[in-house]
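Visitor: I have a protein model on screen and would like to learn how to read it. Could we go through it feature by feature?

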Amino acid sequence: RLCELLDNAGRGWRKLAELAGAEKRFKCSAEELEMCSLKVLEPRGSPTQCLLQLLAERDCTLRYLLGCLERMGHEQACRVLSSAVQDVIRITVQPESQVAAEGTQVSLTCCATGPPGLVYQWFRGRQEVPGATSPELVIDTASPAGQPEWYICRVNCGATFTFSRWAHVQVEKSSSPSSASGYCPTMAGLQILRQPRPCCLAEGDTLVLECRAIGNPPPQYQWFRNRHPVEGAQAPQLQVKLVTTAERGSYSCRVFNLFHEVWSQEVDVEIGEGPRQTSVTPQLLCSQAGVSHSVKTPPSPVLAATDKVALLIGNMHYLHHKQLQAPIVDVHALGALLRQLDFKVVSLLDLRKAEMQMAVDEFLLLLDKGVYAGLLYYAGHGYENFGNSFMVPIDAPSAYTSEHCLCVQRVLREMQQRRTGLNIFLLDMCRKRNLNDDIIPQVGALEVTANIVFGYATCADAEAYELSQGELSNGIFVTFLKRWLLEDEKITVLLDKVAEDMGTLEITRGRQALELRSNLSERRALTDPIRPPGQDESSARNLQWAKAHVLPESRHLHFDCGVTVQLGFAAEFSNIMIIYTRVVAAPKDITKCEARLTDIPEELDVDLKCTNKESPEELGSPLAPVWSLGCPSCCLYSRICGLQKLRQELAFTVYLQYRYQGMDDFVEERQRVNVGRPLIAKLNLQ
């Protein structure tokens, strides 16, 4: 129906393409528009259908499309699409089950997107909770401890409705014997109520360990065995069926939320051996003149890092080349996994040439003798000439050469000069020959260090592909790398397993295959423990890294009219920050009140369509469900990108607009706010 309405030269598909292109990622090139136009020559061809397909591939939402049609003034097309948009209610933040100490308050949150006028109603079991008609439900746990109460939230607009997941709230006496005192005074806001207990099992038994905590935001869990993360063990209860002696060891649980972190006590799990065949002991038995000698094999040295550091760069929004979708998801996923392995991670999106070079220079300052790794991951456009790999920044011209790009081998040479213990390059980019570049760069001879690993997402002279999964896109490489990254394996063995998995994907067979190059002589693994050589050296490195991860503190702004506005912050990457505003107090005679951000510095990449949005999803970031979990409800959200471009402290205006009861006109107040240099801006990459 849209094709019938828009396949004309007037207010048709070309106008829609022009309006949709106001958002950079939806802008169609002249070649793409010509491709759409030529569809009229096909028997059933439709330029509109071709355009909609291009927008769909770039994750354009129905709501954004409807906004474009409204700006066109095409009422018929709006009516066709509006019913599809208006009727959809989607739960974006689900309530989480919690364990609470008796006498405390617990907050459950349910947020949804959909048509205007969404109505919330909370239920306890099958009974409505009186007055609980907001996204946030605060529960008073003064009632005696007992069976868990189950809660659910209904969101509706007229006759259309949907329900959240069930969440249960278990009330426990804080002094009960089952609640070990694992509370750390320095971790206010996150408290362990139930600690795991040591146990002794036989082979074939079921191992069950439990750690329960309370916190706001709700706590998340990650179990560790022998101080290495257990893959997939991210629930309060760890259960392993049919255990063997491989599961014996020391277990602990890391409990964390957006603001705090606390560890459970470490407990030993002993597993006795069942009946089995006699095996050869790790001793060499030899007989000479009737005398038995036992010669023990020397134990393998325990390898350790003095620290673990990773720089992750994802380039997506190129100025003169095809836009990419996967880097934002890949960099975030890889960063989350590396943090579980105790890596210090700096993750950056969309860097220009000078910014990439400065980021690498700062990364090198974090490296020193014995550090693991220099781990450098890059996702974006790239090429390979004469055995050298080049990373392409977002400002590279259409006919770029090596002088416009960063040479990976040059970075490696600088890393070697820092005497790192392990150098890993994971290059998620194409390796086609660049015909515009016939220069052979003079990199200089590399040292023979036996500690270099290159993991290429594809073979020489081949391309690397993205894999679309609904609203998200992953690179093929990271899709399979995620499955193995937490394994306690030598890094080359781990990458071999990734290569084998990639080979099973039918759609890229014969087109993309991981290539591994390594001269690693020791069994170095990403899971190796950290043993810093000295406090001073470690502290200096920690301080340098921490600079890039400091968010401004949340604050309250008080206006003359009596309104109080909360200003809060969340980090999406080291150079992308979310700012949210929320009215937390207002006089009774003020009926309508809203606080917006304005006057944001021009040098930052701020799309005005991604500021002051009522829901995180409207910001257009696929990672909104991740960072929004730690944000309060009923906020206006703004996404600030490109913090590495900040030349001075970040200052902006909070614009308050409110209306008194019985009045039609709005009143305005403004406050200027300075939040310093947040996140990567502290490193002065300009």
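Visitor: At what angle do helix H10 and helix H11 pack, and how far apart are their axes?

Guide: Bear in mind that this is a predicted model. Two packed helices are described by the angle between their axes and the distance between the axes. Here, H10 covers residues 476-484 and H11 covers residues 491-502. Their angle is about 125 degrees, and the axes lie 9 Å apart. H10 and H11 are therefore oblique to each other.

Visitor: Which residues of H10 and H11 make the contact?

Guide: On the H10 side they are Ile476, Phe477, Phe480, Leu481, Arg483 and Trp484. H11 contributes Leu494, Leu495, Lys497, Val498, Asp501 and Met502. Sorted by class, this contact has nine nonpolar and three charged residues, with no polar ones. The crossing of H10 past H11 is right-handed.

Visitor: How are H8 and H9 placed relative to each other, roughly parallel or oblique?

Guide: Take the angle between helix H8 (residues 353-365) and helix H9 (residues 408-417), which is about 20 degrees. Angles under 35 degrees count as roughly parallel. H8 and H9 are therefore roughly parallel to each other. Their axes are 10 Å apart, and their crossing is right-handed.

Visitor: What residues meet where H8 packs with H9?

Guide: Val360, Phe363 and Leu364 of H8 meet Val411, Glu414 and Met415 of H9. By class, five residues in this contact are nonpolar, one is charged and none is polar.

Visitor: Next, backbone angles. What is the phi of aspartate 599?

Guide: Most residues other than glycine have a negative phi, and most peptide bonds are trans. Aspartate 599 is not a glycine, yet its phi is positive, at about 55 degrees. Aspartate 599 sits in the loop between strand S37 (590-598) and helix H13 (624-627). Its relative accessible area is 48%, so aspartate 599 is partly exposed.

Visitor: Asparagine 612 is in the loop between S37 and H13. Is asparagine 612 buried or exposed?

Guide: Buried means under 20% relative accessible area. Asparagine 612 has 10% relative accessibility, so it counts as buried. The phi of asparagine 612 is also positive, near 55 degrees, in a residue other than glycine.

Visitor: How many residues separate aspartate 59 and glutamine 325 along the chain?

Guide: They are 266 residues apart along the chain, while their C-alpha atoms are separated by 8.9 Å. Aspartate 59 lies in the loop between helix H4 (47-57) and helix H5 (62-72). With 23% relative accessibility, aspartate 59 counts as partly exposed.

Visitor: What does the protein look like as a whole, in helices and strands?

Guide: There are 13 helices and 40 strands. Of the 686 residues, 49% are buried. Among contacts with a separation of 6 or more, 69% are between residues 24 or more positions apart.

Visitor: Where does pLDDT stay under 50?

Guide: pLDDT is the predictor's confidence in each residue, from 0 to 100. One of the stretches under 50 is residues 175-188, for which the model has 25 contacts beyond four places in sequence. Residues 274-299 are also below 50, and that stretch has 16 contacts beyond near neighbours in sequence. For the protein, the mean pLDDT is 81, and 85% of the residues reach 70 or more.

Definitions and conventions
Residues numbered from 1 in each chain as written. Predicted model: local features only at pLDDT ≥ 70, side-chain atom pairs only at ≥ 80, totals over all residues. Heavy atoms only, no water. Axes fitted to C-alpha atoms, helices over the stretch in contact; angles between N-to-C directions. Helix = DSSP H or I, 4+ residues; strand = E, 2+ residues; numbered from the N terminus. Parallel < 35°, antiparallel > 145°, perpendicular 65-115°, else oblique. Left-handed = near helix turned anticlockwise from the far one by under 90°. Contact = heavy atoms within 4.5 Å. Nonpolar A, V, L, I, M, F, W, Y, C, P; charged D, E, K, R; others polar. Buried < 20%, exposed > 50% of the residue type's maximum accessible area, 1.4 Å probe, protein only.
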